[in-house]
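The following exercises are to be worked through with the sequence and the structure in view. Each task is followed by a solution in steps.

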Amino acid sequence: MPENVIVADKIKISAFETIRSINGDKVIAESYPGYLVDESKISGGHAQWLCFPTNEQEIVSVINKMKEENQAITISAARTGIVGSAVPLLGGAVVSLERMDDFIGLGYDEEESKWFARVQPNITLNVINEIVKLKKIEESQSIPLEKNWIEKFNEEPIMFYPIDPTEMTASIGGCIAANASGARTFKYGATRDWVRRLRVIISTGEVLEIPRGKYKAKDGVFIIKTAEQEFEIKVPTYQLPKAKNAAGLYTTPEMDLIDLFIGSEGIFGFITEADVWLKDYIPHISNVAFFTNEVDAIKFVNLLRSSSKFKPEFMEYFDNNALTLLRDTQKVDPKFVDMPNIPEEAKTAISFDLGYKEDTLEETFKEIGLMLEKCNSSLKDTWSAYEERELDRFKHFRHAVPEIVNNIIAERKKKYPSIHKLGTDMSVEDEYIGEMMEFYHKILNEVGLEYVIWGHIGDNHVHVNILPKNMEDLELGKQLYKKFAQKAVSFGGSVSAEHGIGKIKHEYLEIMFGNEAINEMRQVKSTLDPNFLFNPGNIFSKEVTQ
Amino acid sequence: MKIVVLAKQVPEADKVAVDPETGTLIREGVAAILNPYCEYALDEAVKLKNSHPELEIEVIAISMGPPFAVTALMRCLELGADEAYLLSDRKFAGSDVWATSTALKEGVAKLVPDFDLILTGKQAIDGDTAQVPAETAEQLGVPQITYGVETEIENKRIKVKRETDYGYQVLSARLPTLVTMSKGSNIRRIPSMQDVLDARKKKLEVKSADDLGIDESKVGLSASPTQVDRIFAPPEKAGGALVPEGTDPKVAARKLYDFLKENNYL
């Protein structure tokens, strides 16, 4: 069979009545409100059905039932996403995968010489890492069983799943659907690079078993054969940015079928099982360097990422406003920012983790020392630690800025209930990061909005957080947001480098790709899921834009 | 002037659980850290060193433990100790508080015979016995001041502000003396990359029982008069009583008074 043709497998069906489910929008709103929201905090979610399948058969049965009832399905897992992908804005059914959270097993891919974990969609990243790091795996969990991999695995050094999207309570299924990334993407790439195999139930109620490397697009087409029909999927023809990106469907001319599903925000169906690659774990050493101006800090970033001898785990950026926010918080609540005083003269900080190996530490540090000196800083001015509890401290420090911002906004909400933070998620190509930062500061200072900038500078992907003081500020901020999106796109970047599009960033996707490209995405969806059964409203709406 | 800091490596306490069946500590996957109270002691030593340049203070960190405990000593060096020694030997295995203090006493006596001050944590956060410092002081024949929060050196004496159940007490002793530290600064220090680099060039040596001329019969399990019978998690404290919001202030005050009275606080 040609390599662009995949045949879907039929699955037996359970009786719908045996599946745990709740019917009635009122009872769901009153007794199960948590299933109507996610970390985006957008309101308006409502559902007629709430179902808790425990296996593939039950999922198929739910799909058939909802087709009969003419109800759309919103797939729900840990609901840690922040663009509303799991919020059922159009009603219908919420199908929670929370009862499918098993660690199925572990195997060794002899062709790739790599270990992988086989898991159900709702297992969290924390749990995967706990099981893998502590090697809490039974011999009966070897994949395949006769290979007895577990014994060999127990002799390996500590392994882990390296993607860390900050929220480690995220589910693996959600991470795959969102192609989750995070700070460590700088070194390890995004979720996409770590998925070995997927099982996906599509709108016909049949399952696709997709190992990476087996199904490739040919002449821009995939063929999916099901029992009753044959779907011809036209691979979109638009170009993806070179910069870090989580906006829109993935595409390349000879793409792997598995990549169509990764990052598709659940619009093509249920991920029911995944194999993810594991990696040997190297301890880290955390560092924070301080600079008296932003130009020096960005110069340091460029020097650090050009090193041929080592690659930092990540590089995180804090602008002057972010440091001021941290200093002010230190004064009133020293434990919240559990760090020594941030130097008064510091106007920018770069936090970066390195792999900690005693035998290369000296050489690495000396090289970094030279880099720092070129940027008017020094090893003496740079915090550094590697004890486990120190690493936690540094992690809290990195996450303190968004937390403080959220607290400030929560306070302002008391006066203006519909006020919210405006957080950007845009990336640009390497060479434009300096210009982009200048652009942010210039525009924001011109209009006098309160803001902080922090984030993943290693990937040229910083978050601008605008803190509106009133409704006028909010409107003004929204206009700027659009300007930023246009600028990022003109610098070869993405309007959403890691959060995705979900239900709240459609207009920015338009800025990035244009209507024609979005219609190509919509075409894929219409072919595979003609009734927009799965996750309607994610990435784009059903209605064609002109 | 020489200050010895006795330091211990411990598992990160809040991540250790007790196996309910065997009664032993589950240390799997739990990271080892420098005992926080020992870190306070080291901070105090570095503070004295920095505030008394005229005394030319040298800070020497000493620990007894398995070979991997060098990482705790490396942290001491990063945080400002000048040199460090790890007493490590299979012969020390199974030592209780007394046998440990014997080894430490021998180590201090051999490695820093001219010490002026010993600073150490008031207790380690794993065993929580608080016995080793006191026993070490006894064996060395020097005075001891426990639960210190602030120290000052004046005319070959050390003045220590110490915690008691009823407040603070200030004691003074002639040097050499052993002082255990209870509390450090609110925000712990962080070494710089330069400190981390410099620490690698400082002296860090591992010493065996033979190196120190310690008699095998005085250390280890067989020289330990005490043994651990059982380990268990202390019962969780029950939550306090709350006077509901909106209660009439007079009623609330009465309730509070009754509560304090009943519990002998008044």
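**Exercise 1. A nonpolar surface patch**

Task: Determine which residues make the nonpolar surface patch of about 470 Å², and classify Phe259(B) as buried, partly exposed or exposed.

Solution. The model under study is predicted.
- Step 1: The patch is made by Tyr257(B), Phe259(B), Tyr265(B) and Leu266(B).
- Step 2: Phe259(B) is located in helix 6 of chain B, which covers residues 249–262.
- Step 3: The relative accessible area of Phe259(B) is 39%. Buried means under 20% and exposed means over 50%, with partly exposed in between. Phe259(B) is therefore partly exposed.

**Exercise 2. The interface of chains A and B**

Task: Describe the contact between chain A and chain B by its area, its residues and its salt bridges.

Solution. 
- Step 1: The size of an interface is often given as the accessible area lost when the parts come together. Here chain A and chain B bury about 2500 Å² between them, with 60% of this area on carbon and sulfur atoms.
- Step 2: On the side of chain A, Tyr386(A), Glu387(A) and Arg389(A) lose the most area to chain B, and together they account for 26% of what that side buries.
- Step 3: Chain A brings 30 residues to the contact and chain B brings 26 residues.
- Step 4: Five salt bridges are counted between the two chains. The side chains of Glu387(A) and Arg75(B) meet in a salt bridge, at 3.6 Å from N to O.

**Exercise 3. An arginine in a loop**

Task: State where Arg184(A) is found, and whether Arg184(A) is buried or exposed.

Solution. 
- Step 1: Arg184(A) belongs to the loop between helix 5 (172–178) and helix 6 (185–188) of chain A.
- Step 2: With a relative accessible area of 12%, Arg184(A) is buried, because buried means under 20%.
- Step 3: The side chains of Arg184(A) and Glu313(A) make a polar contact at 3.3 Å. Beyond four places in sequence, the residues in contact with Arg184(A) include Pro162(A), Asp164(A) and Arg398(A).

**Exercise 4. Backbone geometry**

Solution. 
- Step 1: Most residues other than glycine have a negative phi, and most peptide bonds are trans.
- Step 2: Asp128(B) lies in the loop between strand 8 (117–121) and helix 4 (132–140) of chain B.

How values were computed
Residues numbered from 1 in each chain as written. Chains lettered and ligands numbered in written order. Predicted model: local features only at pLDDT ≥ 70, side-chain atom pairs only at ≥ 80, totals over all residues. Heavy atoms only, no water. Patch = residues over 30% accessible without salt bridge, like charges linked within 9 Å, V, L, I, M, F, W, Y side chains within 5 Å. Areas by Shrake-Rupley, 256 points an atom, 1.4 Å probe, with all protein chains shown as cover. Salt bridge = Lys/Arg side-chain N within 4 Å of Asp/Glu carboxyl O. Helix = DSSP H or I, 4+ residues; strand = E, 2+ residues; numbered from the N terminus. Buried < 20%, exposed > 50% of the residue type's maximum accessible area, 1.4 Å probe, protein only. Contact = heavy atoms within 4.5 Å. Buried area = accessible area lost by both parts, 1.4 Å probe. Polar contact = N/O pair within 3.5 Å; in protein donor to acceptor, adjacent residues only side chain to side chain.
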